[in-house]
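Thanks for coming, everyone. Please look at the sequence and the model on the screen, and I will walk you through them.

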Amino acid sequence: MLLIKNADVYTPESIGRRDVLLDSTLLALSDSIHLTPESGLATDWFDAEGLMLIPGLVDALVHYTGGGGEAGFASRTPPLKAEQAWQAGVTSMVGCLGTDAITRSHVDLLATARGLSEQGVNAWCLTGSYAVPTPTLTGSVERDLVLIPEIIGVGELALGDHRGSQPGWQEVATIAAASRRGAMLAGKLGTLLLHLGDADQPLAIVEQVLANTELPRSLFYPTHCNRTQDTFDACLKFALAGGAIDFTTSTTPALIEAGEVPAARALALALDANVDPSKLTMSSDGQASLPCFNVAQELVDTQVACISSLWQSVQVAVMEHSVPFEHALASVTANPARVMGLNKSGRIQPGASADLLLLDPESLTLMATISGGVIRWQNKEAQLRHREAA
Ligand code: ZN
């Protein structure tokens with residue numbers, strides 16, 4: 001067991017100074033926890049006086065098997081290492097396939113998720129890819145959701161992108177309905193993660209689905225909503241109508257030049273536009289290739305997306321765009337966990353998975369990452385003074 005004393009706790013809401021007791025699960029949260037030798041509980045503890053304690057980050061889109069390949073085989077990107085996640089403060093993540101469902105597979109995705117989980121990073125995955133018909137692991141979207149515990153939804157289905165399969169609204173509705181049906185049987189949400197491309201109205205197809213079927217808006221979760229100003233404006237309408245939207249934090253100078261709205265700024269603008277803060281999320285798109293195409297859709301630049309951009313965007317949102325800390329924090333913890341149906345992630349509360357981060361309150365610098373109750377990484381300056389049981 002581990003006892004953290006005197007931390008300034010954000011659940012993500014601020015609840016002030018608390019002591020927190022945990023093993024792999026968060027056991028207790030109280031003004032003051034004292035364990036006497038008579039309790040028989042062997043407990044390490046440290047004093048977190050002067051530090052903030054927040055939930056481990058939930059990254060709703062990481063290509064943890066590696067992705068890319070849009071510029072040939074040499075442009076395939078490498079897989080994520082657990083150490084990269086810990087250093088970035090990410091303790092829970094959802095992985096999926098993107099453009100490439102030929103050299104990348106759901107078998108590899110599932111094995112990588114299990115490998116990450118064995119190392120203390122909670123990892124789930126999505127079935128499908130950019131393509132329609134939807135590639136799956138067991139032969140159908142429904143079977144994948146019912147039979148594979150780690151598979152919690154479908155994605156990234158590409159809309160409004162020249163690399164997608166250009167599905168019509170009926171095809172999108174059929175995929176979403178299959179995801180919902182399978183998810184209901186397995187007690188999951190079956191969220192459909194939508195990769196939005198450069199098209200002016202990439203969500204027009206989703207609005208057709210919503211207008212013509214009984215499927216709920218909450219099933220659809222568009223990402224890259226900050227790709228261009230037009231994409232952002234379209235997604236703002238989707239969010240104001242009650243949908244959740246996701247901003248991608250990884251970027252490059254070429255993408256900014258091409259009109260991307262940086263994620264931190266997009267978060268601030270959406271809040272200014274009175275979007276419900278609980279509908280806003282950020283994800284890193286980590287290990288994706290970040291290809292930049294010119295107007296002729298020719299590839300002009302490609303880089304590897306970085307998972308550490310997630311927390312960096314929270315820092316920028318708070319410090320440069322005056323986003324309230326609790327809203328920025330919720331966009332990378334409680335909100336994506338809620339959208340994806342990850343009940344034990346993204347919040348500090350008894351019964352949650354013991355995934356926690358310590359922060360310097362001035363700079364919001366990550367000082368330590370705890371996942372599954374184990375200190376996985378700490379900043380050299382943290383020097384958490386570990387002590388034996390009382
Ligand atoms: Zn994408």
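One term before we start: buried means under 20% relative accessible area, exposed means over 50%, and partly exposed is in between, with a 1.4 Å probe and protein chains only. This is a predicted model, so local features need pLDDT of at least 70 and side-chain atom pairs count only at pLDDT 80 or more, while totals for chains, interfaces and linings use all residues. Residues are numbered from 1 along each chain as its sequence is written, and side-chain values use heavy atoms, with hydrogens and water left out.

Let's begin with the metal. Which residues coordinate the zinc ion? They are E156 through OE, H195 through ND1 and H224 through NE2, at 1.8 to 2.1 Å. Donors here are N, O and S atoms within 2.8 Å of the metal, or 3.2 Å for Na, K and Ca; water is not among the atoms, so sites may look incomplete. Along the sequence, the donor spacing reads E-x38-H-x28-H. E156 sits in strand β9, and H195 sits in strand β10, residues 191–196. That pair is 39 residues apart and links distant parts of the chain. Both E156 and H195 are buried. When I say helix or strand, I mean DSSP runs: helices are H or I with at least four residues, strands are E with at least two, numbered from the N terminus.

Next, D161. You will find D161 in the loop between β9 (151–159) and α4 (169–186). Is D161 buried or exposed? D161 counts as buried, because its relative accessibility is 5%. Leave aside neighbours within four places in sequence, and D161 is in contact with Q166, H195, G197 and R227. Contact means heavy atoms within 4.5 Å. Note H195 in that list; H195 is also a zinc donor.

D161 also takes part in a salt bridge with R163, the closest N and O atoms being 2.9 Å apart. A salt bridge is a side-chain nitrogen of Lys or Arg within 4 Å of a carboxyl oxygen of Asp or Glu. R163 is buried, and so is D161.

How many salt bridges does the structure hold? There are 9. One of them joins E49 and R17, with the closest N and O atoms 2.7 Å apart. E49 is in the loop between β4 and β5 (52–55) and R17 is in strand β2 (residues 14–22), so this pair ties together parts that are 32 residues apart in sequence. E49 is partly exposed at 47% relative accessibility, and R17 is partly exposed at 45%. Another bridge pairs E207 with R217, at 3.0 Å between the closest N and O atoms. E207 lies in helix α5, residues 204–212. At 34% relative accessibility, E207 is partly exposed.

Now the nonpolar side. A nonpolar core is a set of buried Ala, Val, Leu, Ile, Met, Phe, Trp, Tyr and Cys residues joined through side-chain atoms within 4.5 Å. The largest one has 79 residues, and Y64, M93, F220, F247 and W311 have the most contacts inside it. Helix α8 (residues 263–272) gives the largest share of this core, 7 residues. A second, separate core has 18 residues, including A7 and A354.

Finally, back to W311. W311 is one of the buried residues of helix α9, residues 309–321. After α9 comes S322, with a positive phi near 55 degrees. That's my tour; over to you.
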